[in-house]
Amino acid sequence: MTGLPDEPRRPQRTRLADVAALAGVSVATASRSLGTSDKVSAQTRRRVIEAARELSYGAAAEPSADGSGRRRTVAIIVPFVTRWFFANATVAALDVLRAGGYDVLLYHLGDAAARDDFFGRMPLASRVDGILSLSMPLTEVHTLALRALNLPLVSIGSHIDGFPSVGIDEEASARLAVTHLLNQGHRRIGLIAGRPDDTRFDFTASMSRRLGYEEALASVGIGFDPRLVVEGPHGIDGGATAMTELLARPRLPSAVFAEFDELAVGALWALRRAGLRVPQDVSIVAIDNAEMAEFVDLTTVAQDVGAQGRAAARMLRQLLGDEPGTPAPQALVHPVQLLLRGSSCPPRFWPHASPPAERADDWLPSDQPRPGPDEADRRRTGPGWNEQDGPNALP
């Protein structure tokens, strides 16, 4: 007996072999099941995930300084750390988390391969108390891997089954943007949609915004026309490329809805390079209100990304027991606002197609003269147009 206090025992970490034994599979199969391999059945994968959860695999940690077992560390997972939405939401969340005494591990996953590798290794195990996920597109396998960690998680900008989320109503935001154009008298409205390349992500926001576009058109009896839809990679370059493709088609829409401000900025550049005026020849609206939107005078549906980041961080702190008060809802939907700027106005001429008879008076504001067919056709012979090939392509 030395009279010295017993040295605190270090918690025993569950080994992958323990998970494999409980699930009744080999260690190799357990590893594949917790990763992204497609060489295991769904039933086996679920059995391994449940075993990992039961044994808290990867959740054991070094004891904290206060003996609570808490690491006072939170992980933030982002697809693109430099893009407007992710950068602003991350900074806002960081402020709230650091005010609560948390360190933050930031994981930037720039493409689908990096995401799959991340979830295959799952470096969060034993390192963090909770997770913030920013619009990260996840497969069922990825979601199961997160659940196996048995950690609090809050998603920003997307919904993950079984976890709380903070964001906007993407469909309603798109309906608001397109309805603004419809109320101005536009009926031939194009769509520039975000499209990932082979190595990037398929964001749920893009799909929801496209649905809102279709719903707004359907509300006034306009059917979906695939000839008015062009997809481009996310970003300004993608918007310019998509708008150039739309310009090359035989008939130019009087207005375009871009799913994201960055796409709209690229579309504005392409239109002006083609000799077309915004909004006199083509109106443009988008969603987000990124910093660049005001400088290019873009009409857009604004969302407060900073407020979403702060709300999500407070929600996570509440799940961790640091924020007293009424538990936050499972889904917190933030409001949006249509900001009218100089990129949208009523159409100058009637569209080629005739409006439904019962809505004829709604096509243009009442104080605008009703143009005849010859005047309407001037749209096809204005600046930048070529009768055979459509608008001149960018040089």
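Predicted model: local features only at pLDDT ≥ 70, side-chain atom pairs only at ≥ 80, totals over all residues.
A residue counts as buried here when its relative accessible area is under 20%. In H6, the buried residues are His142, Thr143, Leu144, Ala145, Leu146, Ala148 and Leu149. That is 7 of its 10 residues, and the helix is mostly covered. Just after H6, Asn150 adopts a positive phi of about 55°.

## The chain as a whole

The protein chain has 13 helices and 14 strands. Of its 395 residues, 50% count as buried. If you take the contacts with a separation of 6 or more, 72% of them are between residues 24 or more positions apart.

## H6 and its partner H3

Two packed helices are described by the angle between their axes and the distance between the axes. For helix H3 (residues 42-54) and helix H6 (residues 140-149), the axes come within 8 Å and cross at roughly 20°. Angles under 35 degrees count as roughly parallel, so H3 is roughly parallel to H6. On the H3 side, the contact is made by Arg45, Arg46, Ile49, Ala52 and Arg53, and on the H6 side by Glu140, Val141, Leu144, Ala145, Arg147 and Ala148. By residue class, this contact of H3 with H6 divides into 6 nonpolar, no polar and 5 charged.

In soluble globular proteins, nonpolar side chains tend to be buried together. The largest nonpolar core in this model has 27 residues, and Ile76, Leu97, Leu132, Leu134 and Val154 touch the most other members. Strand E1 (73-78), helix H4 (84-99), strand E3 (130-134), strand E4 (153-156) and helix H12 (305-319) each supply at least two residues of this core. H4 gives the largest share, 8 residues.

Leaving out residues up to four places away in sequence, Leu134 touches Ile76, Ile77, Val78, Pro79, Phe86, Ala89, Thr90 and Ile156. Apart from this core lies another, of 25 residues, with Ala205, Leu252, Leu268 and Leu276 among them.

## Some buried positions

Which residues does Val128 contact beyond its neighbours within four places in sequence? They are Arg71, Thr73, Val74, Ala75, Leu105 and Leu151. Val128 sits in the loop between helix H5 (112-121) and E3, and its C-alpha atom is separated by 4.9 Å from that of Thr73, 55 residues apart along the chain.

Helix H7 (residues 170-184) contains His180, and Ser173 is also placed in helix H7. With residues up to four places away in sequence not counted, His180 touches Val285, Thr299, Leu338, Leu340 and Ser344. On that basis, Ser173 touches Ile168, Ile287, Val301 and Val336.

| Residue | Relative accessibility | Class |
|---|---|---|
| Val128 | 0% | buried |
| Ser173 | 1% | buried |
| Asp288 | 7% | buried |
| His180 | 11% | buried |
| Asn289 | 23% | partly exposed |

Asn289 counts as partly exposed because its 23% relative accessibility is not under the 20% that defines buried.

## Backbone details worth a look

Most residues other than glycine have a negative phi, and most peptide bonds are trans.

The peptide bond from Val278 to Pro279 is cis, with omega near 10°. Pro279 belongs to the loop between helix H10 (261-273) and strand E9 (283-288).

Asp288, in strand E9, has a positive phi, near 140°. Asn289 also has a positive phi, near 65°, and lies in the loop between E9 and helix H11 (291-295).

Technical notes: Residues numbered from 1 in each chain as written. Heavy atoms only, no water. Helix = DSSP H or I, 4+ residues; strand = E, 2+ residues; numbered from the N terminus. Buried < 20%, exposed > 50% of the residue type's maximum accessible area, 1.4 Å probe, protein only. Contact = heavy atoms within 4.5 Å. Axes fitted to C-alpha atoms, helices over the stretch in contact; angles between N-to-C directions. Parallel < 35°, antiparallel > 145°, perpendicular 65-115°, else oblique. Nonpolar A, V, L, I, M, F, W, Y, C, P; charged D, E, K, R; others polar. Core = buried A, V, L, I, M, F, W, Y, C linked by side-chain atoms within 4.5 Å.
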